[in-house]
Amino acid sequence: MFSSFMINTWIAGTAIALVAALVGYFVVIRHSAFAAHALPLGAFPGAAAANLLGVNPFVGLLVFVGMGVLLLRQLARIGRRDVGTGLLLVLFLGVGALFLSMTSEYAPEVFSLLFGEMLGVSDADLWPILGICALVSVVMITIFRPLLLDSSFPDLAALQGISAARMDLIFLSLLALVTASALPVVGAFLVFTLLVGPPAAAQSLSIHPLRSLLLAVIFAESSIWSAIALSYWTNWPIGFFVGMLGAGLFTLARSYRHWSQRQRPAVQVSSL
Amino acid sequence: MFAFLSSQPVQTALIVGSCAALVSALIGVFTVLRGNAFAGHALADVSSAGGAASFLWGISPLLGFLGMAWIAAFGMEFLGVRKARERDLATGIVLGAGLGFSALFLYLDVTTTSTTGAAVSVMFGSLFAISRGLIWPAILAVLAVFLLVGLFYRPLILTAVDPDLATLRGVSPRWMGLLQLLVLGLAVAVCALAIGAVLATALLIGPAGAAIRLSRRPAQAIFWAMIIALTAVWLGIWMAYESYYWFSGNAWPVSFFVVVLIFLFYLLAMLGSSWQHKYQRRGITSLRRLQEP
Amino acid sequence: MTNQSPILAVADLSVDLGGRSILRDVSFDLYPGQLCALIGENGAGKTTLLRTLLGLITQRAGTVLIGGAPAREHRELVGYVPQKINFDPDLPLRTRDLVRLGLDGQRLGLPFFNGRTRYAVDQALQAVGAEDFADQRVGELSGGQQQRAVIAHALVRKPRLLILDEPLANLDFGSANALVDLLGRLIVQQKMTVLVTAHDMNPLIPVMDRLVYLVDGRAATGTVAEVVQAEVLSKLYGYPVSILHHGGRILVLPDAPENADVANMNRCAGHGV
């Protein structure tokens, strides 16, 4: 399981889970689940196009996810945000389907891009992934406070000179970077579960901003490690385990919260 | 043109495609009005697991898509889609779990049944490869949806515009929500069959999103959504058929053309109406009130 | 009042939004230790005026000086409590954390507590009486508690001007009185200046010094003694009102519809129509 051809997967998986938890924490607070689902799928034709042109797939992913962020903001401006997001996502998927239909290895390529590929990380890919993860973590920790205030109450943030438009752009760019680095390993569909599942579970369990952030990182790391291990043993796709573990964590955390709320019903009324 | 219409796969594609266009336009208007675009998209994505399972067990793909869409619908209802705040998260979690199953079933398809093209046809559709035997089930599904929506048209609109008002009138939002998810599942299954599970969202929300901007009354919006959807599907099928000659033997996928056309129609409607908005403020604001209760 | 310099000086302020003129030539001054009520009907431009004072909207003409400088340059002097307060129940934020973000939410880095921030936050929590729910999730508090949390968030930077948008709407009698009490303490003990918008001025009458009345984007201003009089208020509301004195308190009451008709007729007769 820890043989030489798996080492890259373990390293990349660990780095990806860390940044996915950091960015996913704000995906949950900002209710950006749909955007977090759409951006990875928007990046997907990038890999296909890069394949077609013979360039590094990572470059293709970054280019397409960048276009995705710009178009997403434009479409949200002219219509309903959710409809715009949905249409952008299927447009990119349609383009991806077109690119893939032009290559010879259509079917297996589609599968690994959408659902992840355990051995998708080559030595050449590893360094860019680690670099991007380091960059995202540093930026995330630096702007944590303004982003937290803007995400919980934009009006109060504006009063302290925090621009909502700028925060939105920074947040979506970070999301795009995480997407591009996580996509080759867990697949376009399951990047989203890794982003949303662990932080949502963590926020249900802890009311402390930093503690729930730490908990999100722990949940994300344990999900990805278990997914890699299970996928190695069963030979089943890694995406299946990421999806199941995310859903399981969320459901458990939610049930625990409902249960613990029922234990202390009178507190709020009496303290009023 | 004659060669185009006399080809059997084209005929099947046109019939199934029209079914998908009509049903999605009808359901799409309710979905967009209620702000359920993400849920509709999630149902479509999750239905891909059913499509993949149908290959595995050798059942009709329409049944596969439908079964999984319904399971997902009940899952979301159970996890709390009704509370607007939790809706996004619950939808997303069901979506993740469903896609996990798709991954597994597609993997098993490849390893146990040696159907190599399963991932592609389930996800992105292959309208020209649909068997003629699916025409009648698709038409039946569409008829069922029209019948149900026709019966419950007014309560559905009322619930979509304002659930509280509906409750006051004695309409149960819970039953209406369930009914909506059931017909949404049927619509999603037909669309997934036509242009693929992950692209079904285009038909479901694109024409409706554009039509709602163009019209002031729900019935009018449904009418325009149907026109837009049918145009996109027919034009897409024709372009895909002709693309075989355009690109010297490399036909481009039908789904690609349909999705791009829908996107263009949506952009035109949005830009057209925001241009109109500058000159005619009144109409739009009254429509906004209809959309956002 | 005194020969102190005003904390807020608004002169000839005009604001347009989307091509429509919302405020025209609004002028008034507020001094330290004053509580001023901003009264006006829906759509009179109250929220627009507040947002302009906060530097969130740019005016077409006129000046807003806070502590002698343009509004944007003295953000730390102003605290603001918006009207709509509705936190997500799942937000991983305690009341304490929300208050702390008022202190240094714009700074970079992770929000670790140290002795100085902890002291400032505790003081603000104490000032609004929020110690009981300091460690609860903000989103799970009641509406009144959430409002107190946001007031603490605004107070923690020790502003000299506190602006509240419709703080009394949706509060029951007890909570409303507690809030008025708190505002009274702030102006007396800390010499803070408080600007409050309200539909109903009654709960504020015991503590307020000045009134700014907005009608159709124009402002009238005066002391309580000048403005709280039946004739003046009837003209401002465009509807006859009476002033009641009861147990040392003053109440402004709109006249009942029958009386209103009579009053209208009387007025018409007086004008010789």
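When I say that two residues touch, or are in contact, I mean that they have heavy atoms within 4.5 Å. With that settled, here is the structure, which is a predicted model.

I'll start with one residue in chain A. A:Ser32 sits in the loop between helix H1 (4-29) and helix H2 (33-53) of chain A. Leaving out residues up to four places away in sequence, A:Ser32 touches A:Val27 and A:Phe171. Is A:Ser32 buried or exposed? Its relative accessibility is 13%, and the cut-off for buried is under 20%, so A:Ser32 counts as buried.

Staying with chain A, the UniProt entry, which is unreviewed, annotates "transmembrane region" at residues 7-28, 48-72, 84-106, 126-144 and 238-256. I looked at two of those spans in the model. Residues 126-144 of chain A are 95% helix and 0% strand, with the end C-alpha atoms 27 Å apart. Residues 238-256 of chain A are 100% helix and 0% strand, and there the end C-alpha atoms lie 27 Å apart.

Now chain B. The model gives chain B 14 helices and 0 strands, so if you read along its sequence you meet α after α to the end. Of its 293 residues, 58% count as buried. Take the contacts in chain B between residues at least 6 apart in sequence: 76% of them join residues at least 24 apart.

UniProt, again in an unreviewed entry, lists "transmembrane region" for chain B at residues 12-33, 53-76, 88-108, 138-161, 181-209, 221-241 and 253-272. Two of these spans, in the model: residues 88-108 of chain B are 100% helix and 0% strand, with end C-alpha atoms 30 Å apart. Residues 138-161 of chain B are 96% helix and 0% strand, and the end C-alpha atoms are 30 Å apart.

One residue in chain B for detail. B:Ser255 is in helix H13 of chain B. Its relative accessibility is 3%, so B:Ser255 counts as buried. What does the side chain of B:Ser255 reach? It reaches the backbone oxygen of B:Ile195, at 3.4 Å. Setting aside neighbours within four places in sequence, the contacts of B:Ser255 are B:Phe124, B:Gly125, B:Ile195 and B:Leu199.

That leaves the interface. Chain A puts 50 residues into the contact and chain B puts in 53. Together the two chains bury about 4,400 Å², with 80% of that on carbon and sulfur atoms. How many salt bridges does the rule find across the interface of chain B and chain A? The count is 0. For polar contacts, the rule finds 3 residue pairs across the interface, both residues of each pair being at pLDDT 80 or more.

On the chain B side, the elements that give two or more residues are helix H2 (8-33), helix H3 (37-57), helix H5 (84-113), helix H6 (118-124), helix H11 (200-214) and helix H13 (254-279). Of these, H5(B) supplies the largest share, 18 residues. By class, the side of chain B that touches chain A has 34 nonpolar, 12 polar and 7 charged residues.

Notes. Residues are numbered from 1 along each chain as its sequence is written. Chains are lettered from A and ligands numbered from 1 in the order in which they are written. This is a predicted model: local features need pLDDT of at least 70, side-chain atom pairs count only at pLDDT 80 or more; totals for chains, interfaces and linings use all residues. Side-chain values use heavy atoms; hydrogens and water are left out. UniProt positions are given in the numbering used here, feature names are shortened, and annotations may be inferred rather than shown by experiment. Helices (H or I, at least four residues) and strands (E, at least two) are DSSP runs, numbered from the N terminus. Buried area is the accessible area (1.4 Å probe) that two parts lose on being put together, summed over both. A salt bridge is a side-chain nitrogen of Lys or Arg within 4 Å of a carboxyl oxygen of Asp or Glu. A polar contact is a pair of N or O atoms within 3.5 Å; within protein, one must be able to donate a hydrogen and the other to accept it, and residues adjacent in sequence count only if both atoms are side-chain atoms. Ala, Val, Leu, Ile, Met, Phe, Trp, Tyr, Cys and Pro count as nonpolar, Asp, Glu, Lys and Arg as charged, and the others, Gly among them, as polar. Buried means under 20% relative accessible area, exposed over 50%, partly exposed in between (1.4 Å probe, protein chains only).
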